[in-house]
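Reader: I'd like to go over cavities and salt bridges in this one. Can you put the structure up before we start?

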Amino acid sequence: MNRLVFILTFLLGCISLQAQPVEKKSSILGYLQRAMHFNRTVPQEKVYLHFDNTGYFENETMWFKAYVTRTDNGRPTDLSKVLYVELLNPSGDIIRTCKYPIDSLGLAHGDMKMDSLLGSGFYEVRAYTRYMTNWGVNAVFSRVFPVFQKPASEGDYTDLSIQTRLYKQRDPNNRDREDSLYQKAIDEGLYTNQLATGINVQFYPEGGRLVQDKKCRVALLAVDDNGRPYQSEGFVTNGSGDVLASVRTDSLGRGLFELTPDGTGLTLQMKDLEEKTKTFPLPSATSLGCALTLDAVSDNMLATLQFSPSLCGELIGYAVMHNGNITYCDTTTAVPILEIELDRAQQQEGVSQFTVFDSNGRILAERLYFIIPDSSPEDSIRLIPQMNRLTPCGKVQLQLQAQPNTSLSFSAIDAETMTNGKQGNMKTWMLLSSEVRGYIHNVDYYFEADDEEHRRSADLLMMTQGWRRYDWNIMTGRESFEKVQPLEDQLYVFGQLNVYRKRNPVSNVQMDIFLYNQNGESLKGETITDSLGNYAFALPFVDGEWHMQIFTRLEDKRKTYRVGIDRQFSPTPRYITPLESGILPPMAPNLHLQPVSEVVEEFIPITKKNHLLENVTVEAKRRYFTNDDWKYKNESWGRNHAAVFYDIDRELDNIRDLGEEDPSIFEFFCRKNSLFNNPECKDLPVPPNDDSGFWRGHLSYADRPIKWIVDNGETQVKGDVSNIKLILNTELDTVALQNDEMFAAITSNAGASGHEHFPLWMDEIKSAYIVPNSPKEIEGAVRIYLYTHKKFTTATQKGLRRTYFQGFNIPSTFQMEDYSVLPPMADFRRTIYWNPRVETDAQGKATVEFYNNSTCQNMYLSAEGMTPDGTIMVNE
């Protein structure tokens, strides 16, 4: 109650006492109160990952530490206790998901093995809590890394090869195409290597809209057909052809111009790469509104508001919001030109939001601005070497100086093997990147200096990539906010029963859950569904994967339901810009020691010395791997050249989680992968299109024929297969192939797998691999490998769903040789040392000790951390 009184007093003090209608003042005050209340009751979270390296090779391990905070106070979160970390391939498929517990300081750490990736490329790592997904994909942490092909020989990191694929023609693109920044470019040329000739332009009027007869500033972003920034010049004309403004875009495709809309149509004219003039219409100007111009460059920040005549005399409010907290607010009377001063020295570091609104809470103008933070010894980590040189496999000792009693993460990298440049740190993410939309190229630039050049660049960034993490309309109640995803303060299994037979109600259904793992541990529980069929089980913190069985009973009798499980909440994969899919220049070493050439003793790895070994005789029976079972289990046959992989067991589990019926494998492919060409794919399931009960349609992949391979045995099809049609009998649950002349049944090569029929249903299959460009298929066919369950049975138990439950992933321990007891040997670690748990003492000191690899002469050190009160620390 005292806190509420304080907030009300603060807000009342912010409001100027002017002779305005009491009801309008009360209305404005009410909107401010609701915004403050919303941020206190529904605070957001942020997460940042500190990684051990800037790029990876196939089969290496990625190490990371997570820092999770509340945005309303900037302190470590006390809300969520479960963190999700995902690895996505270039096409946007989630190929790995890890789950980690968040401790009382908002910390978690883990690792991912870069194996089974089906090729090199630019992979995305995302991290979020389930609660964060209520604010969409822009609210989650995201970073893209290059993953290079495995070195041809151990320790040779000079060949930085990434497979160049025409993803649009070869692989499905599952990434979001609704990002207004690059929507046109995405639709026309995503992931192509073609020479771009056209350009696309997006306009961003300052404050949100153009106002007729008022001076307005407009930012723009120009990209070519491949989504790359376009640097050029252009001019804006009105309906009469008069030039109103000229504009020049910078190296990032951004530009800014000023004009006064006259009520006629405005257009931008700009030449493309072929010197052809392109015309782009600007947004229409409104006759009723407020034009906002905010000078965020000068020390005395000035917001100029120009109101249309119909708004003059009205009471309006304005507010400055930082991290969802209102830091300043006031009311005033609208006049033709109104100036509001904002003292830069009083502004919070990072991104703030300036909103102008009327007595109905309607936004009249709004924009973001960025205050460059000052550097301070309090947020710096000093790394002090305790030796004067680096030696092969020698001991490295460092002293870290930071804030007392703080948890840090530390990485040492062999500078000669770094494959990519820096992409910011915890400070740049928490204060800037997490507050805007999309990728920020060279984000460290905006923190280099607080001068006019950097301020202008940051302001242009705010105008072209601004995203409203804190939505005024939602916070004030003008629009509803549906918190769909819950706050996970522990592990849960919850969902909803769906009717399998109409006569079975979903309310008051008895449910039992039983979990067990390979260690012999087990858990069980019971509950009863509510009137809508909802249920929930609370589980203790457990590690690893567990088998899970859910039983359903009605009046103590087993009844079958479609047991939906609410665990499909991963955000939509975002669009990756061409700038993000590039390799940056590696950083210079920051561990400065005496040259290694001063080392007296020459180091020779043990692998380069000659050693004579005694002859030994091995007596054992020779093993021959010729049995069909070995060939059946060997999925490497399909994986070797595959571009797309589907874990069918998991995919089927996901479908059942939604309470849907099990589809056929063909229906799954059509829904999952847009490159499967079939008219009916878009609307499956569909009724039979004739009286035969068959579903008919041509099935191909990227307009190419398909060769099906089941358990490494090619299918045998009678007749001409040049024009195969798929026929699915919806009544008999059988599949056949038909060409223009005849029907042909699909059969597997029994000698290869023992199957006598084509696996139609998803529960028959465990995995699928798609090989679009197989060297064996000179006729252009796409090979699809299907691997079935060896002992498949269609028998099911009544009232039972079998599935799995993923507990927490157990973090691995960073491994290195102890050269205090072992002789030096060939050691090619690129990440020489990683420690996610470096703790400073009461004096702020910590000691780090590790062993060098056999070749490193220069190191790049990275240390980051956060104090219990939320102070961000990085090494400079």
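Predicted model: local features only at pLDDT ≥ 70, side-chain atom pairs only at ≥ 80, totals over all residues.

Reader: Fine. How many cavities of 30 Å³ or more does a search of the whole structure find?

Author: The search finds 6 of them. The largest cavity has a volume of about 190 Å³.

Reader: Which residues lie nearest the centre of the largest cavity?

Author: His50, Lys422, Gly424, Ser862 and Glu864 do, out of 20 residues that line the largest cavity. Strand 1 (45–51) and strand 47 (859–866) are the elements that give two or more residues to that lining.

Reader: And which element gives the largest share of the lining?

Author: Strand 47, with 5 residues.

Reader: What is the lining of the largest cavity like by class?

Author: There are 8 nonpolar, 8 polar and 4 charged residues in that lining.

Reader: Change of topic. How many salt bridges does a search of the whole structure find?

Author: The count is 39. One of them joins Arg367 to Asp459, with the closest N and O atoms 2.4 Å apart. Arg367 belongs to strand 22 (residues 363–371) and Asp459 to helix 6 (residues 452–465), so this pair ties together parts that are 92 residues apart in sequence.

Reader: Are Arg367 and Asp459 buried or exposed?

Author: Arg367 is buried, and Asp459 is buried as well. Both also belong to a network of salt bridges that links them with Glu206 and Arg217.

Reader: What does Glu545 form a salt bridge with?

Author: Its partner is Arg650, and the closest N and O atoms are 2.3 Å apart. Glu545 sits in strand 30 (residues 545–554) and Arg650 in helix 10 (residues 648–657), so the parts tied together are 105 residues apart in sequence.

Reader: How about the relative accessible area of Glu545, and that of Arg650?

Author: Glu545 is partly exposed at 43%. Arg650 is partly exposed too, at 30%.

Reader: Where does Asp657 lie, and which residue does it pair with?

Author: Asp657 is in helix 10, and its partner Arg567 is in the loop between strand 32 (562–565) and helix 8 (628–633), so the pair ties together parts that are 90 residues apart in sequence. The N to O distance in this salt bridge is 2.6 Å. Asp657 is buried, with a relative accessible area of 4%.

Note on methods:
Residues numbered from 1 in each chain as written. Heavy atoms only, no water. 1 Å grid on protein atoms, 1.4 Å probe; cavity = no way out; pocket = protein on both sides within 12 Å on 5 of 7 lines; lining within 4 Å. Points joined across faces, edges and corners; volume = space filled by probe spheres on them. Helix = DSSP H or I, 4+ residues; strand = E, 2+ residues; numbered from the N terminus. Nonpolar A, V, L, I, M, F, W, Y, C, P; charged D, E, K, R; others polar. Salt bridge = Lys/Arg side-chain N within 4 Å of Asp/Glu carboxyl O. Buried < 20%, exposed > 50% of the residue type's maximum accessible area, 1.4 Å probe, protein only.
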